[in-house]
2 protein chains.
Amino acid sequence: MQRFINNPDDVVDEIVKGYLLDNRALETLPNNFRVVKRKKIPKRVTLVSGGGSGHEPSFIGYIRPGMLDVAAIGEIFSSPTAKSFREAFKVADQGAGVACIFGNYSGDNMNVKSAIMDVADEGVKVKSVVSRDDIASAPKSEKDRRHGIAGLYYMWLVAGKVAEQGGSLEEVCAAAQRAADNTASICVGLKELTIPAVGHPNFKIPDGKYELGIGHHGEPGLEKYTLSSSNEIAKKMVGELIEDLDISEKNEVAIMLSGLGSTPIGEQYILFQDVMYWLKKQDIKVVSTKVGNLVTSLNMNGAALTILKLDSKLKEWLINKC
Amino acid sequence: MQRFINNPDDVVDEIVKGYLLDNRALETLPNNFRVVKRKKIPKRVTLVSGGGSGHEPSFIGYIRPGMLDVAAIGEIFSSPTAKSFREAFKVADQGAGVACIFGNYSGDNMNVKSAIMDVADEGVKVKSVVSRDDIASAPKSEKDRRHGIAGLYYMWLVAGKVAEQGGSLEEVCAAAQRAADNTASICVGLKELTIPAVGHPNFKIPDGKYELGIGHHGEPGLEKYTLSSSNEIAKKMVGELIEDLDISEKNEVAIMLSGLGSTPIGEQYILFQDVMYWLKKQDIKVVSTKVGNLVTSLNMNGAALTILKLDSKLKEWLINKC
């Protein structure tokens, strides 16, 4: 494996350690290195998220003013434990309640639910909002089965804004839900990932092909296509998302394009300008953009495109470029 | 090639186009898409840089308040033309002079010098400061031959600070020179890069090996070593830099670790915490850190480590985390 690692079992510990050395406003709990928090948590409704590691900078990279206050993290591609969620909720709560905004995966769902019940007995009120933005993970008719991926970003952003404005737990969660209801994402994979402790890819994307709709852990996508051009890929991604969100001309949207781990920045911008081309061609107005390695999948080569269909409220919360 | 591109000849145009669509405060010159500038250039000494494309987000990603005002860019790994530097200087100048802070490569040197002479005839005063931070590109005794790589970042940052404080052209350039004199970088390569228009790697790093001191375009390094652990690599990188900069215990430093293009964020943090381990072990105090894809080399897998040895003035200009 041509990569920077030491013992594969230490990967998560060392990522967290490195991140905290670079971000001195954060710390772990003294007895649980899988719960990361702002050193000073503001007195208001607080935001918690969590999920498996390997998606850096998510989740810990979004613990910052205006977004998350605390995150529970799991091993590579594994849910945080119920204990970690429980401890995250307890340390996050400042008396006004906790919004837990996370992505739909069975393990996370189970552990969040269990933790919410546990802390309720101790007087900590937690409401959860679930992201199901990966449109390739299940058909629209079975939206409850869809996974949550990069779209969480917008939920944290609008919920964070409402929380900072002093909103109640219900208002914060309603904002996150409003974003969730209007967000859709789709990934493409050009080259598979390798989990460090496994040491070889669990799946393969053949050279000359790309996989539309691949999951954030390499789950099979909608279809494999012949790799032609960035523009053709952008056309397919945009087409799937605007159909799913029922976006029509003159709609205003925010878009986010994330590299999946080993995709060079320059190529992200090439794909992004192709995405913008297809949106413009359909008279869809893009009022907010974000490009970069935002929610990744270890060393997968590929990209995730997320569209948030805006209404006046969502637009106000996002304001300009975020 | 498993990558997001269209026509390989359009790669630079499309990267710039994408970047400008995501950063609305920037624009190209109307008749030269290889000169990118802030739409509103402040009335003070202005900062110009430039170099080959393929190092995104450098150079255009550093056109922002407190850093560059204008950048001239070339084709992939090729110097901008003298014409582009000339036009960059002319549009940058607000009457107080222009600081051109660029990396030492023969093409860039030649074109910058030629452009400076040309615009002098038109009354535009340009002073240049050259980065030679890549310690692997020539021995210390031949420092003039060394190439400039990621260390430019600190030169732009301190020069930008002095310019924003209203410093003269001489003061701005002296700040950049002071950073240059105290900055050293070294790269490691784990996996080679491919220039899109070439379509296959120009050089190879065998599996199980890594190359210490590889150049930003794949220039041969100091030596190939067996790939063992991130910690061993960090030890070698830190060792080379502190020897070159003559850093001893209790010295204060700023450090920057950049992925080279296809290195996942998580692995960058693993390597970073190993770098911090070796600096701490030698009692070197790190007062400023920066980790990410900061100056890349297309899709090379690897990392660049940069150390800036601080004195009280450099520390004041950097202030805290930058």
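Here are some questions and answers on sheets, strands and helix packing in this predicted model.

User: In what order do the six strands of the open sheet in chain A run?
Analyst: The sheet in chain A is open, and its pairing is mixed. Neighbouring strands are turned by 25 degrees against each other on average, direction ignored. Going across it, the order is β1-β2-β4-β3-β5-β6.

User: Which strands of chain A stand at the edges, and why is one side of each left without a neighbour in the sheet?
Analyst: Look for strands with a single partner strand, because one side of each is then left without a neighbour in the sheet.

User: How many bridges join β5(A) to strand β6 of chain A?
Analyst: Let's look at both sides of β5(A). Strand β3 (residues 46–53) of chain A runs parallel to β5(A), joined by three bridges, and Val48(A) stands opposite Cys100(A). On the β6(A) side, Cys100(A) faces Ser128(A) and Ile101(A) faces Val129(A). β5(A) and β6 (residues 126–131) also run parallel, and the number of bridges joining them is six.

User: At what angle does helix α5 of chain A run to β6(A)?
Analyst: Helix α1 (residues 11–22) of chain A also packs on the sheet, touching β1, β2 (32–38), β3 and β4 (70–76), and its direction makes about 145 degrees with that of β4(A). Helix α5 (residues 169–181) instead lies across β3, β5 and β6 of chain A. Its angle to β6(A) is about 5 degrees.

User: How many residues in the contact of α6(A) with α7(A) are nonpolar?
Analyst: Helices α6 (residues 230–244) and α7 (residues 265–281) of chain A have axes that come within 8 Å and cross at roughly 50 degrees. They are therefore oblique to each other, and the crossing is right-handed. Among the residues that meet are Ile233(A), Met237(A) and Ile242(A) in α6(A), and Ile270(A), Leu271(A) and Trp278(A) in α7(A). Two of the contact residues are polar and two charged, while the nonpolar count is eleven.

User: Over in chain B, which residue is the bridge partner of Ser49(B) in β4(B)?
Analyst: Six strands of chain B form an open sheet in the order β1-β2-β4-β3-β5-β6. Within it, β3 (residues 46–53) and β4 (residues 70–76) run parallel and are joined by five bridges. In β4(B), the partner of Ser49(B) is Ala71(B).

Key:
Residues are numbered from 1 along each chain as its sequence is written. Chains are lettered from A and ligands numbered from 1 in the order in which they are written. This is a predicted model: local features need pLDDT of at least 70, side-chain atom pairs count only at pLDDT 80 or more; totals for chains, interfaces and linings use all residues. Side-chain values use heavy atoms; hydrogens and water are left out. Axes are lines fitted to C-alpha atoms, for helices over the stretch in contact, and angles run from 0 to 180 degrees between N-to-C directions. Helices (H or I, at least four residues) and strands (E, at least two) are DSSP runs, numbered from the N terminus. Angles under 35 degrees count as roughly parallel, over 145 as roughly antiparallel, 65 to 115 as roughly perpendicular and the rest as oblique. A crossing is left-handed if the near helix is turned anticlockwise from the far one by less than a right angle, and right-handed if clockwise. Contact means heavy atoms within 4.5 Å. Ala, Val, Leu, Ile, Met, Phe, Trp, Tyr, Cys and Pro count as nonpolar, Asp, Glu, Lys and Arg as charged, and the others, Gly among them, as polar. Two strands pair if DSSP finds at least two bridges between them.
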